[in-house]
Amino acid sequence: MTAAIETRPQLRIGPYSVDPAVVLAPMAGITNLAFRKLCREFGSATSIYVCEMITARAVVERNEKTLHMMSFDADEHPRSMQLYGVDPATLGEAVRIIVGEGWADHIDLNLGCPVPKVTRLGGGAALPYKRALFSKIVKAMVSGAEPAGVPVTVKFRIGIDDDHLTYLDAGRIAEAEGAEAVALHARTAAQRYSGQADWTAIARLKEAVTTIPVLGNGDIFSAADAVRMMDETGCDGVVVGRGCLGRPWLFAELQAALRGEALPEAPNLGRVGEVLYRHGALLAEHLGEDKAMRDLRKHMAWYLMGFPVGADLRRSFATVSSLTRLQDLIGELDPTAPFPRDAEGPRGRQGSPGKVALPHGWLDDPDDPAVPAGADLMHSGG
């Protein structure tokens, strides 16, 4: 395992050395300043931790809520931001504003979101099907970022569904238009988060894209998964999303595994309680205590997954309203309970596959560069 890792060249994204080659995936409502800081405390300061998705139109209009979502910790570097949009002009302008204000050091383009409210407007995982429009978008973003030396990367899925695969063209287009790296979530939009990721697609993308790094994403729930993905696909790095929900210490395990070191011992319930409280405290600093506790509630089931915690206590955690109450509830946990092995598997949303919502006539002409009507609207989530 160690030899296989050591023979790979070090991952670089633009001017940044990424060591180990691990990226925290942007997740809406999850990867805010507090959660990123927590993950960085366990992992390497030289890995990349991406801010939750930001809407380009909201940046252009300098929406107050969005500007707060774009917050970074004082020692966070590189500051990594993911943008969503469908209009090349808006995305280009958003990038120019971001680099002009010095708000980020790395910008990623979201082409992986399968949520209907996004794909229905031609955004997210629907967009790479429109090759000409996609090309114009990457070109506009790279043009806006280049004067400041800010690298632009692109994250996408295999395609819309099994009949409309786009990832190889998307990789080649991004490479040709100046993207510094591409990342593939090895599922179609129709799969959403269900089933298994097809890692063989990552290997095929790596063969097709030869001058920039290719990162793999999908079904990395342990450090062993990350090593296996890199060994099986030849990808240059891994992007970790759902696997770290309620397990920010996964980044310590990833760092050890990818450097050929012994993995740290899995935390017992007492240590998990300490991490949970730290998460709540960081959120309170960022959002204020009331909003922080409401935000933290969705993380409770992930932190406590598989542990022997009674139903009443779980319900109390799910309605916690203050840091003091959180501390009291943590005190009711059995601190000696060992980390359950069945908690290492899939976590977070999975759901069922389904038909992808698309703009009318979206599949008629993949070379149509037109921006769909009404697509460039600000929406919730950034």
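Aspartate 219 is buried, with a relative accessible area of 17%. I begin there, in a model that is predicted. The residue sits in the loop that runs between strand S11, residues 214-217, and helix H10, residues 223-233. Its backbone deserves a remark as well: phi of aspartate 219 is near 65°, a positive value in a residue other than glycine.

Arginine 192 also has a positive phi, of about 55°, although it is not a glycine. This arginine belongs to the loop between strand S10, residues 181-188, and helix H9, residues 199-208.

Staying with the backbone, I turn to cis peptide bonds. One joins aspartate 19 and proline 20, with omega at about -5°. Proline 20 is placed in the loop between strand S2, residues 16-18, and strand S3, residues 22-24. Another cis bond leads from histidine 77 to proline 78, and here omega is near 0°. Proline 78 lies in the loop between helix H4, residues 64-69, and strand S6, residues 80-84.

Let me now step back to the whole chain. The protein has 16 helices and 12 strands. Its radius of gyration is 20 Å, close to the 21 Å that the globule rule gives for 382 residues, so the protein is as compact as a globular protein of that length. Along the principal axes, the C-alpha atoms fill a box of roughly 60 × 50 × 40 Å. Buried residues account for 59% of the 382 residues. Of the contacts between residues at least 6 apart in sequence, 74% join residues at least 24 apart.

As for the surface, the protein exposes about 15,000 Å², and carbon and sulfur atoms supply 50% of that area. There are 40 positive and 48 negative charges, and their mean positions are 3 Å apart.

The next topic is the aromatic rings. How many aromatic pairs does the structure hold? It holds three. One of them is formed by tyrosine 49 and phenylalanine 251; this pair is tilted, with 5.6 Å from centre to centre and 55° between the planes. Tyrosine 49 lies in strand S4, residues 48-49, and phenylalanine 251 in helix H11, residues 250-258, so the pair ties together parts that are 202 residues apart in sequence. Both tyrosine 49 and phenylalanine 251 are buried.

I close with a lysine. Lysine 37 is found in helix H2, residues 33-42. Its relative accessible area is 18%, and buried means under 20%, so lysine 37 counts as buried. Which residues does lysine 37 contact, leaving aside its neighbours within four places in sequence? They are Asp73, Arg278 and Leu282.

Note on methods: Residues are numbered from 1 along each chain as its sequence is written. This is a predicted model: local features need pLDDT of at least 70, side-chain atom pairs count only at pLDDT 80 or more; totals for chains, interfaces and linings use all residues. Side-chain values use heavy atoms; hydrogens and water are left out. Helices (H or I, at least four residues) and strands (E, at least two) are DSSP runs, numbered from the N terminus. The radius of gyration is taken over C-alpha atoms; the globule rule is 2.2 Å times the number of residues to the power 0.38. Buried means under 20% relative accessible area, exposed over 50%, partly exposed in between (1.4 Å probe, protein chains only). Contact means heavy atoms within 4.5 Å. Accessible areas come from the Shrake-Rupley method with a 1.4 Å probe; for residues, only the protein chains shown count as cover. Lys and Arg count as positive and Asp and Glu as negative; His and the chain ends are not counted. The place of a charge is taken as NZ of Lys, CZ of Arg, CG of Asp or CD of Glu. Rings of Phe, Tyr and Trp (its six-membered ring) pair if their centres lie within 6.5 Å; planes under 30 degrees apart count as stacked, over 60 as edge-to-face and the rest as tilted.
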